[in-house]
Amino acid sequence: MIRLSKSSIGEAEKQAVMGVLDREFLGMGEEVQQFEEVLTKFFGRPTVCVVNGTAALQLALQAIGIGDSDEVLVQSLTYVASFQAISATGAIPIACDVNSETLCLDWKDAEKRITSRTKAVMPVHFAGGVGALDGIYAFAANHGLRVIEDAAHAFGTEYQGKIVGGFGDIACFSFDGIKNITSGEGGCIVTEDEDVLQKVRNARLLGVENDTGKRFSGGRSWKFDVTAQGWRYHMSNIMAAIGIEQLKRFPEIASQRQLLARHYDSFFANHVQIQPIVNDYEKVIPHIYVVCIEGLKNRKALQEKLLKKGIQTGYHYQPNHWLNFYGSQHDMPFLPVTEDIFPKLLSLPLHHDLSEIDIEYVSNNIIQLSKLS
Ligand SMILES: *Cc1c(COP(=O)(O)O)cnc(C)c1O
């Protein structure tokens, strides 16, 4: 079976976890501090680690003061985590359309949905590409909006010569099991905004003020104040130990993912029916590989045929504005690109441990079986 996605764990990660278990300090301590340090070097900007990517987004939103009845512009075509992070703050996610080539936020559509309550925009770096991110920043500046990049897919991607997270307002990453690098579960917030950094550091530990420094030196605060709502969203040493080892492997992980995506691209280059989303895999580190199959009538049937060939597929993502919790609260928006393209999307296997032969096998089967579907 060729899996759609999976973690890739080596001896070094296993040893690192054993090291933490041997020291019997499992919570947030030395390893989390180290992971933050190496990530800060990687991005060239301060980085705070938390328990997952969804928590990173929620804490970032709260740190810039997003709350009850505020509105945040976000593409509907994203993992439900983006929407849940917004609604967790009491704010309302406003579903927007995407660009049909990149499946990233279409800021011209977002602009139409601005109201007096709009406070921020959350572009999602779909599959690892960032689309027209400079356009989104210009749009946000024009309207006085904060930008929280949902960069869960885009760890390592370069844009205009800079690493995602290394520029802009606030970027949030995920290290869940199948993302570009993993710490088991995990996530981080990257920004230069000192106020946001401080608020996030406190909020991840139940709002206990300035606890981070004490935890990093093996202690904790006993006498403290709390001045804001906090959560138990910190990262553990077990997770950080995995993350540190994965980051060491990242150059190799990244080039393997790029190689596989380019290999897929080469099979579909002259194939009119199967159109991959458009990315430059010299710069983009792909998290998923998504194609749009023109004329596809029955995706489920195609997936079943592929499964019989030992090929697992998926689709990213069911539009969020169709979900009861988000659709029924508001007037249902009409998102022409999202609604047209969603039924034709298919995600093909992509993870570090695939070979070029696997990609060839998948591509040939997709090309064959799509004709009949
Ligand atoms: C994975 C993901 C997240 C959230 O990350 P978790 O670590 O799983 O909480 C957010 N947004 C998108 C688009 C994701 O794919």
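**Strands, ligand shell and loops in a predicted model**

Strand S9, which spans residues 187-191, is mostly covered, since five of its five residues are buried, where buried stands for under 20% relative accessible area, exposed for over 50%, and partly exposed for what lies in between, with a 1.4 Å probe and protein chains only. Strands here are DSSP runs of type E with at least two residues, while helices are runs of type H or I with at least four, and both are numbered from the N terminus. The model is a predicted one, in which local features need pLDDT of at least 70 and side-chain atom pairs count only at pLDDT 80 or more, whereas totals for chains, interfaces and linings use all residues. Residues are numbered from 1 along each chain as its sequence is written, and side-chain values use heavy atoms, with hydrogens and water left out.

In a regular strand, side chains alternate between the two faces of the sheet. In S9, Gly187, Ile189 and Thr191 point one way and Cys188 and Val190 the other way, and all of these residues are buried. S9 pairs in the antiparallel sense with strand S1 (residues 47-50) over four bridges, where pairing requires that DSSP finds at least two bridges between two strands; within this pair, Val48 has Ile189 as its bridge partner in S9. Strand S8 (residues 170-174) also pairs with S9 in the antiparallel sense, over five bridges, and here the bridge partner of Ala171 in S9 is Val190.

Ser174 lies in strand S8, and it counts as buried because its relative accessibility is 5%. Its side chain reaches the backbone nitrogen of Asp176 at 3.1 Å. Leaving aside neighbours within four places in sequence, Ser174 is in contact with Gly53, Ala152, Lys179, Ile181, Gly186 and Gly187, contact being defined by heavy atoms within 4.5 Å.

A polar side-chain atom of Thr54 lies 2.6 Å from an oxygen atom of the ligand, a polar side-chain atom of Asp176 lies 3.0 Å from a ligand oxygen atom, and for Lys179 the corresponding distance to an oxygen atom of the ligand is 3.1 Å. Taken alone, the ligand exposes 380 Å², and the protein buries 94% of that, with accessible areas taken from the Shrake-Rupley method with a 1.4 Å probe and, for residues, only the protein chains shown counted as cover.

Helix H3 (residues 53-63) also holds Gln58, which counts as buried because its relative accessibility is 5%. The side chains of Gln58 and Tyr233 are joined by a polar contact of 2.8 Å, that is, a pair of N or O atoms within 3.5 Å of which, within protein, one must be able to donate a hydrogen and the other to accept it, residues adjacent in sequence counting only if both atoms are side-chain atoms. Not counting residues up to four places away in sequence, Gln58 touches Ala85, Ala88, Thr89, Trp231 and Tyr233.

Strand S11 (residues 289-293) is likewise mostly covered, with five of its five residues buried: Tyr289, Val291 and Ile293 on one side and Val290 and Cys292 on the other are all buried. S11 pairs in the antiparallel sense with strand S10 (residues 274-276) over three bridges, with Gln275 standing opposite Cys292, and with strand S12 (residues 345-348) over four bridges, again in the antiparallel sense, where Ser347 is the bridge partner of Val290.

Some backbone details remain. Glu24, in the loop between helix H1 (11-23) and H2, has a positive phi of about 60° although it is not a glycine, and it counts as exposed because its relative accessibility is 68%. Asn210, in the loop between helix H7 (194-203) and helix H8 (211-216), has a positive phi of about 60° although it is not a glycine. A cis peptide bond, with omega about -5°, joins His316 and Tyr317.
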